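Student: I have a structure open and would like to learn how to read it. Where do I begin?

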Amino acid sequence: NARKNLFYCHGCGQGGDLIRFVELSQHLSFHQSLTYLEQHKAAAEAGVVLKETAAFYHRQWPHYPEALRYLQQRGVHDAALLQELHMGYAPGRNLRRHLTAQGCSLDLLRRIGLVNAQGHDAFYRRVVFPCYQEGCVVNLYGRSLGAAFTSPESSVELTNRQSRLAR
């Protein structure tokens with residue numbers, strides 16, 4: 001019963017609230033179920049933020065011709081590909097302002113890895129590629145416009161995002 005946030009299985013006769021459902025379906029204790037739900041809530045919240053971030057970066061292309069020039073130098077000439085892959089550009093200094101105006105906390109943006117400890121955009125001056133899984137943005141990968149193409153500093157990826165969210 002979604003209205004009451006209760007479940008009942010007619011096959012086995014088990015029923016209860018969401019916590020009980022997690023206990024039974026995941027074979028967890030009460031406390032483990034609470035931790036499980038907290039982690040899934042954080043992951044779902046991060047998914048919404050990553051989707052908005054990818055859309056925000058995607059809308060930046062018309063304002064930054066240097067990003068398009070970078071892709072053309074790398075052999076990407078098809079504008080339809082930018083649309084199909086939902087590629088974007090992170091100019092820096094405005095993602096934090098945009099997302100906090102959307103109601104995201106700075107702490108959440110740090111935990112996800114979108115901003116660093118100083119609150120600066122982690123993808124500053126990078127072409128951004130959203131990584132999709134089952135239609136949801138699960139990660140972002142960025143290539144720097146300024147660094148040498150093969151240097152470690154030329155790319156950034158949100159890594160271990162799930163473990164950071166669980167803290």
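Tutor: We will go through the chain as a whole, then its helices, strands, rings and backbone angles. Keep in mind that this is a predicted model.

Student: How many helices and strands does the chain have?

Tutor: There are seven helices and six strands. In sequence order, the pattern is β-β-α-α-α-α-β-α-α-β-β-β-α.

Student: What share of the chain is buried?

Tutor: Of the 167 residues in the chain, 33% are buried. A residue is called buried if its relative accessible area is under 20%. Taking contacts between residues at least 6 apart in sequence, 50% join residues at least 24 apart.

Student: Now a single helix. How do I read which way its residues point?

Tutor: The general idea first: an α-helix has 3.6 residues a turn, so residues three or four places apart point the same way. Now take helix α3, which covers residues 65-73. Its buried residues are A67, Y70 and L71. Viewed down the axis of α3, the buried residues lie within an arc of 95 degrees, so they line one face of the helix.

Student: What do the buried residues of α3 pack against?

Tutor: They pack against α4 (79-85), β3 (88-90), β4 and β5. Just after α3 comes G75, with a positive phi of about 95 degrees.

Student: How do I describe two helices that pack together?

Tutor: In general, two packed helices are described by the angle between their axes and the distance between the axes. Here, look at α1 and helix α2 (residues 30-58): their axes come within 9 Å and cross at roughly 100 degrees. An angle from 65 to 115 degrees counts as roughly perpendicular, and α1 and α2 are therefore roughly perpendicular to each other.

Student: Which residues make the contact between α1 and α2?

Tutor: On the α1 side they are L18, I19, V22, E23 and Q26. On the α2 side they are F30, S33, L34, Y36 and L37. Consider Q26 and Y36 from that list: they are ten residues apart along the chain, and their C-alpha atoms are separated by 9.2 Å. Q26 counts as partly exposed, at 37% relative accessibility.

Student: Next, the strands. How do β4 and β5 run, parallel or antiparallel?

Tutor: Strand β4 (residues 126-133) and strand β5 (residues 136-144) run antiparallel, and eight bridges join them. They form a hairpin with two residues between the strands. In that hairpin, E134 takes a positive phi near 55 degrees.

Student: How do I read a pair of rings?

Tutor: A pair of aromatic rings is described by the distance of the centres and the angle of the planes. A search of the whole structure gives six aromatic pairs. One of them is F7 with F21, an edge-to-face pair with 5.3 Å from centre to centre and 75 degrees between the planes. This pair links distant parts of the chain: F7 is in strand β1 (residues 7-8) and F21 is in helix α1 (residues 18-26), 14 residues apart. At 41% relative accessibility, F21 is partly exposed.

Student: Why is the pair of F129 and Y141 called tilted?

Tutor: The ring centres of F129 and Y141 are 6.3 Å apart and the planes are at 40 degrees, so the pair is tilted. F129 in strand β4 and Y141 in strand β5 are twelve residues apart. F129 is partly exposed at 26% relative accessibility, and Y141 is partly exposed at 27%. Rings can also join in a group: ring pairs link F56, Y57 and F123 into a cluster.

Student: How accessible are H86 and R93?

Tutor: H86 counts as partly exposed, at 36% relative accessibility. R93 is exposed, with a relative accessible area of 65%.

Definitions and conventions: Residues numbered from 1 in each chain as written. Predicted model: local features only at pLDDT ≥ 70, side-chain atom pairs only at ≥ 80, totals over all residues. Heavy atoms only, no water. Pairing = 2+ DSSP bridges. Helix = DSSP H or I, 4+ residues; strand = E, 2+ residues; numbered from the N terminus. Buried < 20%, exposed > 50% of the residue type's maximum accessible area, 1.4 Å probe, protein only. Arc of directions from axis to C-beta. Contact = heavy atoms within 4.5 Å. Phe/Tyr/Trp six-rings, centres within 6.5 Å; stacked < 30°, edge-to-face > 60°. Axes fitted to C-alpha atoms, helices over the stretch in contact; angles between N-to-C directions. Parallel < 35°, antiparallel > 145°, perpendicular 65-115°, else oblique.
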